[in-house]
Every structure is written in structure tokens, then in C-alpha cells.
Amino acid sequence: WRGQEGAPYSTLVPSDEVTINYRHGLPVITLMLPTRSERCQFTVKPVVTTVGAFLQDVQREDKGIERAEVFATDGSKVSDATLMEVLLMNDFKLVINNTAYSVSPPVKGKLSSEHATELEDVKSLVHRLYVALHLEDHQIRKERELLQKLDHLKGELLPLEQMKARITDSADAKTSRLLWVGLALMSTQGGALAWLTWWVYSWDIMEPVTYFITYGSAMAFYAYFVLTKQDYIYPHAKDRQFLHYFYRKSRKQHFNVERYNKLKDDLAEAEESLRRLRQPLHLRLPIQEISDKD
């Protein structure tokens with residue numbers, strides 16, 4: 001049998017030279033050290049230990065080992081970054097110096113119920129210990145990061161808020177003036193029609209005039225609907241005119257509305273994240289449990 005690079009190796013050693021057993025839920029790899037001529041056991045943590053770390057432990061135990069590699073059954077080399085949990089899912093070949101060992105890990109599905117129970121207990125214990133030791137520190141660190149982000153966003157928003165307030169006041173004043181001008185024009189129109197009806201002409205002459213004025217107003221409202229796709233409702237028309245003045249003033253003042261809206265959205269998101277983070281701090285519950293309840 002040859003490795004990936006074509007280097008010849010001796011005949012595969014039977015699999016009983018390298019055995020894997022589970023003890024307290026963790027795999028224990030037993031192999032013969034070539035220089036020391038004695039069997040040695042290596043207990044690995046499959047979810048955190050990599051193939052490279054395991055091989056380094058083997059070489060550290062026997063200084064006479066010059067080469068230690070792991071190959072898949074098809075001859076391809078297994079990366080040192082591969083987790084032992086992944087490696088132990090299938091058969092593989094362990095090459096130490098010029099000797100290749102065929103290794104057949106026990107199938108997880110065929111493990112005894114006692115070993116499976118022990119493994120689940122270990123995982124549950126590790127999870128509880130991690131939550132107890134690191135969750136509060138993580139939450140405090142995350143809270144500090146969110147507070148710094150909030151301060152940064154508020155610092156960027158402060159000059160924009162001041163500029164927006166000035167633009168809003170100007171647009172609101174122009175909109176109010178336009179409403180008062182409209183009221184003045186309607187009052188003038190009503191007074192002129194009354195003066196023409198009772199002092200200059202008679203109602204027989206002014207009736208067609210008022211009809212066409214009413215019809216013209218209906219045409220103007222219909223044109224507003226055609227252009228805006230909205231009914232002419234006074235509050236909506238006022239808001240539309242306000243936005244027209246606001247955006248025109250913003251362009252003149254070089255006020256970036258898109259950037260302002262983006263900062264406001266980021267600020268709201270950060271405040272919501274901080275609120276959700278502080279709630280489990282008071283309740284002493286993990287964030288995931290709070291999320292599940294929401």
C-alpha cells in the first residue's frame with residue numbers, strides 16, 4: 001500500500017494493534033509506541049481535539065517517531081485540522097514512521113447503552129458548566145459592546161438630528177403658510193362671488209360661473225388623484241406637501257436622508273438588542289431561553 005505521495009509502506013498491521021474504546025463517554029486510543037515498545041493510551045476529546053493535536057501528542061510521547069499521519073481508506077490524507085469526532089466516524093489508516101495501522105473505530109450506533117448514557121451525561125455537564133462559568137461574562141462583555149455602539153451611533157446622529165430639526169421647522173412653517181394662503185384664497189373667492197352676485201350681476205348670470213368653478217375644482221381634485229394615486233384628503237395632502245418641502249430643503253442643506261435613516265435603524269436595533277440582553281441579566285436566565293419564550 002502507498003500513501004498519497006506514493007511513498008511505500010510496509011504491509012498493513014492488523015487492526016488489533018490500534019484499538020479504540022470508549023471510557024466515560026470519551027474515546028481512548030491504544031497503540032504500540034515503536035521506540036519504547038510499549039502500549040500507550042490516549043484519551044481524546046472528539047469535539048475539540050483535532051487530528052493534528054492527536055498526532056502531536058503521539059510524537060511527544062515517543063521522541064523516536066519521525067512521521068505520524070492519518071489517511072482515509074481511499075489513500076487520501078486527512079487534514080490536521082479535522083476534528084477527531086469526524087475522523088472516528090469511519091475507518092482510517094494511522095501511519096507511524098513506515099508502519100501503517102488499519103483502524104476500525106466502533107460504530108456509535110452500536111455502542112452500549114451505558115456508554116451512550118455516559119456520553120450524553122458528559123455533554124450535558126459540559127454545557128451546564130460552560131453556561132455557569134462563561135455566560136454572565138459573555139453577557140457583560142456584549143452589553144459593554146452594545147453601549148459603546150450606542151454612544152458611537154448617538155454621536156453620529158447628534159449633528160444630523162440638529163440639522164433635521166432645522167429643516168423640519170422650515171418645512172412645517174412653509175406648509176402652514178401654504179394652508180393659510182389656501183384659506184385666504186378660498187375666502188377671497190367666496191367674497192368675490194357674493195359681491196358679483198348681489199352688487200354687480202344677478203344670480204342668473206353668476207350661476208353658470210359658480211357651476212364651472214365647482215366643475216373646475218372637481219377636475220383639479222381628479223388630476224391630483226391621477227398624479228398621486230391618492231384621494232385628496234386634507235391631512236394626507238398636508239403631509240405630502242410637508243415632505244416635498246422637507247426633501248427640497250434637505251438637498252439644499254446637503255442633509256443625507258438615507259444615511260440618517262440607516263443610523264436610526266441601527267440605533268433602534270442596538271437598543272432592542274440591549275433590552276433583550278439586560279432582561280436575562282435580571283432574570284438570571286440564558287439568552288437562548290428568553291428567545292425561545294418570545
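Tyr215 is partly exposed, with a relative accessible area of 46%; buried means under 20%, exposed over 50% and partly exposed in between, using a 1.4 Å probe and protein chains only. This is a predicted model, in which local features need pLDDT of at least 70, side-chain atom pairs count only at pLDDT 80 or more, and totals for chains, interfaces and linings use all residues. Residues are numbered from 1 along each chain as its sequence is written, and side-chain values use heavy atoms, with hydrogens and water left out.

**Aromatic pairs**

- A search of the whole structure finds eight aromatic pairs. Rings of Phe, Tyr and Trp (its six-membered ring) pair if their centres lie within 6.5 Å; planes under 30 degrees apart count as stacked, over 60 as edge-to-face and the rest as tilted.
- Tyr211 and Tyr215 form a stacked pair, because their ring centres are 6.5 Å apart and their planes stand at 15°.
- Tyr211 and Tyr215 are four residues apart in helix α4 (residues 203–228), so about one helical turn separates them. Helices (H or I, at least four residues) and strands (E, at least two) are DSSP runs, numbered from the N terminus.
- Tyr211 counts as exposed because its relative accessibility is 51%.
- The rings of Tyr222 and Phe225 also have their centres 6.5 Å apart, but their planes are at 35°, so this pair is tilted.
- Tyr222 and Phe225 both lie in helix α4, three residues apart, about one turn of the helix.
- Tyr222 is exposed at 56% relative accessibility, while Phe225 is partly exposed at 36%.
- Phe242, Phe246, Tyr247, Phe255 and Tyr260 are linked into a cluster by ring pairs.

**Annotated spans**

- The unreviewed UniProt entry lists residues 178–197 and 209–227 as "transmembrane region". UniProt positions are in the numbering used here, feature names are shortened, and annotations may be inferred rather than shown by experiment.
- Residues 178–197 are 100% helix and 0% strand, with end C-alpha atoms 28 Å apart.
- Residues 209–227 are likewise 100% helix and 0% strand, and their end C-alpha atoms lie 27 Å apart.

**Nonpolar cores**

- The largest nonpolar core has 25 residues, of which Leu31, Phe54, Val70, Phe92 and Leu94 touch the most other members. Such a core is a set of buried Ala, Val, Leu, Ile, Met, Phe, Trp, Tyr and Cys residues joined through side-chain atoms within 4.5 Å.
- The elements that each supply at least two residues of this core include β1 (19–23), β2 (26–33) and α1 (51–61). The largest share, four residues, comes from α1.
- Apart from this core lies another, of 19 residues, among them Leu160, Tyr245, Phe255 and Leu274.

**Sheet**

- Three strands form an open antiparallel sheet in the order β4-β5-β6; two strands pair if DSSP finds at least two bridges between them.
- β4 and β6 are the edge strands, each pairing on one side only.
- The twist averages 25° from one strand to the next. Axes are lines fitted to C-alpha atoms, for helices over the stretch in contact, and angles run from 0 to 180 degrees between N-to-C directions.
- Five bridges join β5 to β6, and Leu94 stands opposite Tyr101 in β6.
- Helix α1 lies across β4 and β5, running at about 140° to β4.

**Lys264**

- Lys264 lies in helix α6 (residues 257–283) and is partly exposed at 33% relative accessibility.
- Lys264 touches Leu157 and Glu161, not counting residues up to four places away in sequence; contact means heavy atoms within 4.5 Å.
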